[in-house]
Amino acid sequence: MRAITIDEPGGPEALVLADVADAVAGPGEVLVEVAASAVNRADVLQRQGHYAPPPGASPYPGLECSGRITEVGAGVVGWAVGDEVCALLAGGGYAEKIAVPAGQLLPVPKGVDLVTAAALPEVTSTVWSNVFQLAHLHLGETLLVHGGSSGIGTMAIQLGKAVGARVVATAGSADKLAVCRELGAELAVNYREQDFVAELGEHGADVILDVVGAKYLDRNLDALALNGRLVVIGMQGGTKAELNLGKLMAKRGAVLATSLRARPLDEKAAIVAAVREHVWPLIESGVVRPVVDRVVPLGEAADAHRLMESSAHIGKILLAV
């Protein structure tokens, strides 16, 4: 089979389409013939040498995929050869085939085509596990989404609105702000020109989903409502910052930080099951939709990474196999 390999860390040119050994489904796994994968920030970090796959995972980038099952391993129930699926991965999505733990499979939602389905597993699992399972966003609360036009952001806005929250999003251009509003953000803040703390108003945000990290830590504390929950899932603005404990205590707030890729299989399976129960009906009813910027051939993965690093995209960048 062919896959995108990274022989040495580096720029986008480090991504090379090469012939590699075929993936094999082990016990509890299925083999998926990949139709598409998607580009995530974690893939860029892996290419640069900053985010190694967890032990036992595929060495190839790609944290999600869609495709058809071609083989079912021992002990797998509920799935059959020919099923159209999408999947959350620890790696390996940039390939023609991938072995996937059965607990990380999702059926392709009704009304979504097979390639587009590759845009869903990572963002739905990330948003549901952080905003709802961890931070417990509920009806009537305010959700602040940083990077509202990203893949994560576009999903968080829609799911926040779907549960009856007031959603505020930040983005850096007029077209991105317009997309945030279209998806359900009541307020869209241009972070280049406006102060999101001031724009939020006196109440602040009950839940903040942050991909920026260190650069925003202090202002995020300012933005928190009483009993607010700040969830950090990215470090685009650095990894180290000073935490004002007095400010946090005055807000009776919580700072939470998570990652998804290296979690144990049972935790990932529980998240995927919750996504299937709570998010898939919203997608199939049209309340929530995948947002795709463009589809790029797998062999042009380097160009897809350049686009990701430019931040010129809106929503997901997909790689078609």
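Start by selecting aspartate 222 and arginine 219: their side chains form a salt bridge, with the closest N and O atoms 2.8 Å apart. Keep in mind as you click around that this is a predicted model. Both residues sit in helix 6 (residues 217-223), three residues apart, which is about one turn of the helix. Are they buried, exposed or something in between? Aspartate 222 comes out as partly exposed, at 27% relative accessibility, and arginine 219 is partly exposed as well, at 31%.

Now widen the selection. Across the whole structure, a search turns up 13 salt bridges.

Next stop: glutamate 64 and lysine 316. Their side chains meet in a salt bridge, at 2.6 Å from N to O. This pair ties together distant parts of the chain, 252 residues apart: glutamate 64 belongs to strand 4 (residues 64-72) and lysine 316 to strand 15 (residues 316-320). Show the surface and look for the two of them; glutamate 64 and lysine 316 are both buried.

Arginine 229 is in strand 12 (residues 224-232), while glutamate 141 is in the loop between helix 2 (121-134) and strand 8 (142-145), so the pair links parts of the chain 88 residues apart. Arginine 229 and glutamate 141 are buried too.

Lysine 316 is among the residues lining the largest cavity, along with Ala119, Leu120, Val123, Gly151, Thr154, Met155, Arg289, Pro290 and Val291. Select that set and look inside: the space amounts to about 40 Å³. How many cavities of 30 Å³ or more are there? The count is one. Helix 3 (residues 151-162) gives the largest share of the lining, three residues. By residue type, the lining of this cavity divides into six nonpolar, two polar and two charged.

To find it, select Glu29, Gly56, Ala57, Ser58 and Ala99, which lie nearest its centre among the 29 lining residues. Then colour strand 6 (97-101) and helix 8 (265-278), each of which supplies at least two residues of the lining. Which element gives the largest share of the lining of this pocket? That is strand 6, with four residues. The lining divides into 17 nonpolar, six polar and six charged residues.

Last, the cysteines. Cysteine 65 counts as buried because its relative accessible area is 1%, under the 20% cut-off. Finish at cysteine 180, which is buried as well, with a relative accessible area of 0%.

How values were computed:
Residues numbered from 1 in each chain as written. Predicted model: local features only at pLDDT ≥ 70, side-chain atom pairs only at ≥ 80, totals over all residues. Heavy atoms only, no water. Buried < 20%, exposed > 50% of the residue type's maximum accessible area, 1.4 Å probe, protein only. 1 Å grid on protein atoms, 1.4 Å probe; cavity = no way out; pocket = protein on both sides within 12 Å on 5 of 7 lines; lining within 4 Å. Points joined across faces, edges and corners; volume = space filled by probe spheres on them. Nonpolar A, V, L, I, M, F, W, Y, C, P; charged D, E, K, R; others polar. Salt bridge = Lys/Arg side-chain N within 4 Å of Asp/Glu carboxyl O.
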